[in-house]
Every structure is written in C-alpha cells, then in structure tokens.
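Here is a short briefing for a reader new to this structure. Look at the sequence and the model first, then read on.

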Amino acid sequence: MFAAAHYAALVVFVVSCWGAGRTVLARLAPPPRRDAWLEAAVAVALGVGLFICAFQALAIFGVFKVEATLALVAVGVVAAALQLPAWLRERRVLRAGTVVAPWTWFDRVAMVALALVALPALVAPLAPPAAFDELMYHLPYAREVAQNGSLGIHAWLRYPWFPYNFNLLYAAALQVGDDVLPHFLNALAGALSVVMVLRLGTLHASRLTGLVGAAIWLGLGDYSNALIDMGVALFVLTACVSLWWWRESEPVHSGVRWLALAAFFLGLAAGSKYQALVFLPLVALFVVRHERRPKVWALALLCFVIPCVYWYARNAIMTGDPFIPIGARVFGFTEWVPDDYVRQVDDVRAHAAMPNPLIWFVVLAPFSVFWKRSGAVRAAGWFCLYSVVVWAVTSRYPRYLMASFPLLAMTAAVGWQVLFGWIAAGVRRVFGAKRTPTTDANTASTGALSRNTARSGARVGDWVAVLLLAVLAAVSVRQTALKVSMISPEPEAREAFLRKNVPGYAVMDYMRRNATGRVYQIALSEAIYYGPNPVWGDTLGPWRYADFLLLPPADMARKLAQQGFAAIVMSPEMVPIFTTRPGFDTHFHLLLDKDGSRAYSILPSAAP
C-alpha cells in the first residue's frame, strides 16, 4: 500500500503535466518527424516546466499553499481529459502510417537488459531521504518554501542564493505528501529522459541503439534521492529535442515556436542549476547559423528568461552578484570570503574522477554508419564533444556532467555497436582463417564452410549475450533486494534505517523535538533536514566553523551565546576533538549521547 499510494500520486501528477503540456503543444505545428511517445514525453516535460513557473509565481507573491497546488494539479487533469480523444486519434493515424521493423535477436536481448536495469530503479524512490546533498539543502529549502508559501533567503543553508526551480516541485510534494514523494519527482525526470533517449535512438539510428542508450542512461541515474541533476538533464535533453525539431522544419523559419520552446527548457535548466549556463554558447552558435532575425532572437530570449530571471535578478539586486557565490571573483565577495571560495573549489577538485565507463565508447560513434546517415546523430556527437571538453577544463566532477548523460548514453550506444561490430568481424576472420581449405581440390566447399563459420560466430554471440544477461539479472536482483530493504513504511523501520544511514540522525531528531533555542551543528551537515528548523553551522558562509571552533572552549561558548545559540550537536569524529579540551565541561552540558554523536547545551556561565 505504501508503494501503491506513492505511485498513484505520481500517476496523477504525470497525467496533469501531460494535460498542461499537451494543451500548449497542440497549438504548435507538428514536429517534422512524428513519434507519439516522444511527443508525449516532451508534453509531460513541458507540463513539469509549466508547473515550476506557476509554483514560482505563487511563491513570489507568498501564496504557494497546498490549496493552490491541488487546484493546479486538478486543472491539469481536466486538461488531460479534454486532450485525450484528440491524442488517441493522432496516435492511431501515426501507427497506421508507420512501418515497424521486425525485432531482431539482439533487439530482444537489449529489451530484456533494459527491463533488468529498470527493476531496481522502480523500487529505489521508496527509501527515506538519506543522501548528503538532499538532506543538506535541497529538502531543507523545499520544506521552508512549503511551510512559508513564499521564496526567501535562508542564510543557514549552505547555498541560500542558488536558483531553485526544480526544488519547487519538491516543495509542492511536501505540501501534499511525505518526504519520500520528492524522490518520485526526481525519478520522473529520469524516466522521461529514458523514454526520450529510447525514441531518439530508434528514430535516428536503430531500435537497438535506442534500447542500449536507454539502458545506459537508466543505469547511470540515481533514483533514490531528491537532487536536481536528473531534472536539469531532462530540461537540457528536451531543449535539444525541440531545437532539432526546429532545425528539421522546412523551411526552418516555420519552426520558430520550436526554437522558443527550446529556449524555455534551457531557461528551466538554468533556473535549476548554474552549470546549465555552459550550454548557451553552443546553442547560440547552432542557432545563429540558421537564424539571425532580431525579433526571433528576442522571442527566444524572452522564453529563456521567463523561468529563470527571478533568481538571477534577485541575486544581482540584493548582492550585486547574479551568480552568487560562484561569481565572487568577478562581482565581489558577500557572504563568502575568499577562503570559502578556495575550499569549495578544492572540494570539487577532490571529487574529480572519470565518468562511468559505459559512456567512454562515445568516441567510436564517428566510425558508425549512423554517423554518416543521420544529421541528428552527428549533432548529438558534437554536443557530447562540447560537453566533455567544457567539463574536463572546469570541474571534472562526474555529477556536473550529468546534464549531458542522456545524449552521451545514446551516442555511446552507437559507439558500443561499432565496437561489437569490430569484434564480430575479428571473430569471423579468425574462424575463417582456421577453417579455410588450403588445396584447390576443396575450393567447392568454401561457401559451405563460410556459412558454417557464420553460424558458429552467431552461436558464440548468442551465448555471450545470454551470459551477459545472466550476470545482469543477478546484479539486478541483488540491487532490487537492497533497495527493497531500504523501504521503511512504518515509523520504527524508518527510524532504524535513518539511524543506520544518516550520521547524527538520533541527536538531530532529539534536538528537533526538544530544542528551545538556536542550535549549532558541527560536521553534521548531512543530517540538518532531520534537525531543528533551522539549524546553523557549515564549512562555508557566515556561520563557518572556522569562526567558532578554533577558539578555546570558554571563548567558543561565549561567542555562540552572543549569537543566540543555546546548544550544539557534533558528529562522532568531532566528539574526542572538542570534549577533551580543558574547560569544555565547564561551559557545555551533555544532553544526549547516541550513536556516537552528542548534543550539548551552552551553560548560562557562557552568556554575555
């Protein structure tokens, strides 16, 4: 029932998004190359974007309440009911005019592989929130918006000035459900982009390309948290789809609305994460080759700024830095100091790593026949090259490349086909060399031997495919069982899970229920969602640890008290560092020691 209730809520939201998005798309000229499921996925993505804009407008005016959220969802459901008959008629017409290629053996293998990869992803969103960033600022920010019904600057969060478009969906989910529901919105973004990759690969290369690309992207995504990277990936991918529809329009000027739609999706991405801005130069270069009319560029710019201008304009007006805090080097430091900036950059560099090996074979795509035949595949390849180069010279942090993962996965699928094609050709040559007769007397049997060789190679390929599926099935079952073990529908199971997976959960939960004043946390940033609302303390920003924790216990207690703090909580690693300092017990009183973490009150003797 726990899973059914959450999936039912997701279905209602998907239907509502599809209704809203389809209502808009129905007023645009049909895309040049029709595909019912790709268009449906774009419609849902557009509906998600429209909901984000509506939630943003409501929150700006301080009326983002549960009643407004439910009313908007209801309007979307009504729109879906009105749009459904026309969509079904279109789908029947498209199916009647489409020649479906027969499924090959490898298509079926890839389909089974995709289903196996999907199995743990279907269960993963049901776990309670336990990922670092979702607990540190994504869900705390969403909770603030949900409770207050308005947008605000919450200085106790690590990134109070970030653009938070996608987090507004999480705020709406917290209004109408529990904190597991935001996981489903993150998963929805991943699922929609998986459908798009599947259909794009099938349309512009082959069914096998689509299936393999979808499986790769599905396997790379994380469906058990409430981060925003998969949301940004969805918007960037949908912008690319819309941009290609504009490019394929004949003449290209007739598809201006698709260009405007692409700009809108890029605006949604830029309003969700600063890193999405890196795609603007590439898109601008692509567009300027085909369109230079000022009024068209003005329309695209307007559609781009609608979803994101609030965040950047607010930051510029209030701090002088539209990209605070990452623009500090250019616009000046405000809440961060130069040392904070250095620590943030060092942290990103410390997480630098190669992306998942599954996408490495994107480099082989230019050797594919699809590269020569399909302009869309070539465009995807150039997008991938640009993304990887920019990523390599900036962060080299794998998560910062996730916005490009869907197209990287699809293009990598083309590369994998090239690789296996080369392997198959090599096997045929090896078998052929061993079996080719050496005397003229046996020349007549060459054809039969060649056929036997081909059949032998095919049988080897079949057994390899079966073996890979068996390994994948074992991994999938194991991962699914692990995800199922994380589901915690009952309060007791939820608490046990959180105590095991969230360091400091017990003391944070205790302080949430018992704190009577400000609480300062030490090295428990990953647990602040479960603590008092708000809770201060971080490595960066105005409440940085360096300003308090380097002081002797008496001075530390005095300064904390002067700032209005009544208690502190600390991680197990910090306990021996602070509690063994001379005089610590004189100024701090133990409130709770649980799971290695501790909570202390600041004694009145430390008050100013």
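**Cavities, contacts and salt bridges**

Searching the whole structure turns up four cavities of 30 Å³ or more. A cavity is a set of points on a 1 Å grid over the protein atoms alone where a 1.4 Å probe fits but cannot get out. Its volume is the space filled by probe spheres set on the points, with grid points joined across faces, edges and corners. This is a predicted model: local features need pLDDT of at least 70, side-chain atom pairs count only at pLDDT 80 or more, and totals for chains, interfaces and linings use all residues. Residues are numbered from 1 along each chain as its sequence is written, and side-chain values use heavy atoms, leaving out hydrogens and water.

**Cavities**

- The largest cavity holds about 80 Å³ of space.
- Its lining has 13 residues; Ile 324, Pro 325, Thr 334, Glu 335 and Trp 336 lie nearest its centre. Lining residues have an atom within 4 Å of a point.
- By type, the lining of the largest cavity splits into eight nonpolar, two polar and three charged residues. Here Ala, Val, Leu, Ile, Met, Phe, Trp, Tyr, Cys and Pro count as nonpolar, Asp, Glu, Lys and Arg as charged, and the others, Gly among them, as polar.
- The second largest cavity holds about 60 Å³.
- Residues lining the second largest cavity include Glu 335, Trp 336, Leu 540 and Gly 541. This lining divides into eight nonpolar, one polar and three charged residues.

**Asp 340**

- Asp 340 sits in helix α15 (residues 338–350). Helices (H or I, at least four residues) and strands (E, at least two) are DSSP runs, numbered from the N terminus.
- Asp 340 is buried, at 0% relative accessible area. Buried means under 20%, exposed over 50%, and partly exposed in between (1.4 Å probe, protein chains only).
- A polar atom of the Asp 340 side chain lies 3.3 Å from the backbone nitrogen of Gly 541.
- Not counting residues up to four places away in sequence, Asp 340 touches Glu 335, Thr 539, Leu 540, Gly 541 and Arg 544. Contact means heavy atoms within 4.5 Å.

**Salt bridges**

- The structure holds 20 salt bridges. Each puts a side-chain nitrogen of Lys or Arg within 4 Å of a carboxyl oxygen of Asp or Glu.
- Arg 207 pairs with Asp 107, their closest N and O atoms 3.3 Å apart. Arg 207 lies in helix α8 (residues 207–220) and Asp 107 in helix α4 (residues 105–123), so the pair ties together parts 100 residues apart in sequence. Arg 207 and Asp 107 are both buried.
- Asp 133 forms a salt bridge with Arg 399, with closest N and O atoms 2.7 Å apart. The pair links distant parts of the chain, 266 residues apart: Asp 133 is in helix α5 (residues 132–148), and Arg 399 is in the loop between α17 (375–393) and α18 (405–435). Asp 133 counts as buried, at 15% relative accessibility.

**Asn 165**

- Asn 165 lies in helix α6 (residues 165–176). Asn 165 is buried, with 0% relative accessibility.
- Leaving aside neighbours within four places in sequence, its contacts include Ile 52, Gly 267, Pro 307 and Trp 311.
- The C-alpha atoms of Asn 165 and Asp 339 are 29 Å apart, and the two residues are separated by 174 residues along the chain.

Conventions
On a 1 Å grid over the protein atoms alone, a cavity is a set of points where a 1.4 Å probe fits but cannot get out, and a pocket is an open set with protein on both sides within 12 Å along at least five of seven lines; lining residues have an atom within 4 Å of a point. A polar contact is a pair of N or O atoms within 3.5 Å; within protein, one must be able to donate a hydrogen and the other to accept it, and residues adjacent in sequence count only if both atoms are side-chain atoms.
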